[in-house]
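Here is a briefing on pockets and strand pairing. Please look over the model first.

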Amino acid sequence: MTPVEDGAGLGGDWVHWLLDAARARLGMDVAWVSLFTEGNQLITSAVGDLASMNVVEGMSAPLEGSYCVRVLSGQLP
């Protein structure tokens, strides 16, 4: 079982701690770390109100049209 599969996320508790600190400081509802590979986004660690954004650690979604891709391409701030 990989760290993503067992719910620990990539890097474990310290990643969650850092994400939660950044999320709180920036006033965000959620924060996550993703890996972008072969046209997919794999969410490796996530904190906050995940249900409201339909985010689950270990989930994979197509990159095309994703929020992250739109931010990286300059379409969103």
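Which elements each supply at least two residues of the lining of the largest pocket? They are β1 (30–37) and α2 (67–72). This is a predicted model: local features need pLDDT of at least 70, side-chain atom pairs count only at pLDDT 80 or more, and totals for chains, interfaces and linings use all residues. Residues are numbered from 1 along each chain as its sequence is written, and side-chain values use heavy atoms, without hydrogens and water.

**Largest pocket**
- A pocket is an open set of points on a 1 Å grid over the protein atoms alone, where a 1.4 Å probe fits, with protein on both sides within 12 Å along at least five of seven lines; lining residues have an atom within 4 Å of a point.
- The largest pocket holds about 250 Å³, the space filled by probe spheres set on the points.
- Its lining includes L19, M28, F36 and V71.
- The lining has eleven nonpolar residues (Ala, Val, Leu, Ile, Met, Phe, Trp, Tyr, Cys or Pro), with no polar and no charged ones.

**Second largest pocket**
- Its volume is about 170 Å³.
- β2 (40–48) and α2 each supply at least two lining residues.
- Among the lining residues are Q41, N54 and S66.
- By class, eight are nonpolar, three polar and none charged.

**Strands**
- Helices (H or I, at least four residues) and strands (E, at least two) are DSSP runs, numbered from the N terminus.
- β1 and β2 pair (at least two DSSP bridges) in the antiparallel sense, over eight bridges.
- L35 stands opposite L42 in β2.
- Two residues lie between the strands of this hairpin, where E38 takes a positive phi near 40°.
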